[in-house]
Amino acid sequence: MNQFYFLCRVIMLFLFPGILQAQDKADEIIEKHVTALGGPARLDSLQSVIMEGTIRMQNFEIPLKRSISNNLGQRLDFTVGGLACYIIVTQTAGWNYMPFYGISKPTPMKPEEFEMYTYYNDLQGPLYKYREKGNIVNFEGTETAVEKILYKLLVKLRSGSHVL
């Protein structure tokens, strides 16, 4: 199998040299990213996270608490105008309860909304073990901002949506 993979890379190198160079660059960037996050052992050990904070919008302060179990689901609790609200997302479905919008009982999410939230169920992110997850990563070049070089990676998730 390794000889076959090597042979394919050699053929690709001659036929499409830019493709392999771009893929090698993407893998190099991802490796540095994983190292910066603490390395594979640390990312593999992530099981859950709880985040608490406040969002300030116009004259409102909205306290929130988000609990995520890696690749299992999440719950987001927040209060708007004294009304307790929540969003729950599992691996297969999601529900909203937002009485300030007139939603008086938990309501199933629309597919596009559900897909948006499930992206965040993966605490390791879309780059770590991206091939195993069924994601495709392409190096899209660089930009400069505040005298720093920024690398652009386009990630196509298994679901078909894209993240840059």
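Student: Where in the chain is Tyr120 found?

Tutor: Tyr120 sits in the loop between helix 4 and helix 5, the latter being residues 130-133. Keep in mind that this is a predicted model.

Student: Is Tyr120 buried, partly exposed or exposed?

Tutor: Look at the relative accessible area. Under 20% is buried, and over 50% is exposed. Tyr120 has 42% relative accessibility, so Tyr120 counts as partly exposed.

Student: Which residues does Tyr120 touch, leaving out those up to four places away in sequence?

Tutor: Contact means heavy atoms within 4.5 Å. By that test Tyr120 touches Arg66, Ile68 and Gln74. Take Tyr120 and Asn71. They are 49 residues apart in sequence, and their C-alpha atoms are 8.6 Å apart in space.

Student: Gln74 came up there. What is its place?

Tutor: Gln74 belongs to strand 3, residues 73-80. Its relative accessibility is 5%, so Gln74 counts as buried.

Student: What does the side chain of Gln74 meet?

Tutor: Two partners to find. A polar atom of the Gln74 side chain lies 2.8 Å from the backbone oxygen of Tyr117. The side chains of Gln74 and Asn121 are joined by a polar contact of 2.9 Å. Now widen the view to contacts in general, leaving aside neighbours within four places in sequence. Gln74 is then in contact with Arg66, Ser67, Ile68, Ile87, Ile88, Val89, Tyr117, Tyr120 and Asn121.

Student: Which element gives the most to the lining of the largest pocket?

Tutor: Helix 4, residues 111-118, with three residues. By class, the lining of the largest pocket holds nine polar, four nonpolar and four charged residues.

Student: Which residues form the largest nonpolar core?

Tutor: A nonpolar core is built from buried residues joined through side-chain atoms. The largest one has twelve: Ala26, Ile29, Ile30, Val34, Leu43, Leu127, Tyr128, Tyr130, Val137, Leu153, Val155 and Leu157. Helix 2 (17-36) and strand 8 (148-156) each supply at least two residues of this core. The largest share, four residues, comes from helix 2. A second, separate core has eleven residues, among them Leu76, Cys85, Phe114 and Tyr117.

Student: What does Leu127 touch, not counting residues up to four places away?

Tutor: Leu127 touches Ile30, His33, Val137, Leu153 and Val155.

Student: Back to helix 2. Is Asp24 buried, partly exposed or exposed?

Tutor: Asp24 lies in helix 2. Its relative accessible area is 35%, so Asp24 is partly exposed.

Student: How many helices and strands does the protein have?

Tutor: Five helices and nine strands. Read from the N terminus, the order is α-α-α-β-β-β-β-β-β-α-α-β-β-β.

Student: What share of the protein counts as buried?

Tutor: Of its 164 residues, 25% count as buried.

Technical notes:
Residues numbered from 1 in each chain as written. Predicted model: local features only at pLDDT ≥ 70, side-chain atom pairs only at ≥ 80, totals over all residues. Heavy atoms only, no water. Nonpolar A, V, L, I, M, F, W, Y, C, P; charged D, E, K, R; others polar. Buried < 20%, exposed > 50% of the residue type's maximum accessible area, 1.4 Å probe, protein only. Polar contact = N/O pair within 3.5 Å; in protein donor to acceptor, adjacent residues only side chain to side chain. Core = buried A, V, L, I, M, F, W, Y, C linked by side-chain atoms within 4.5 Å.
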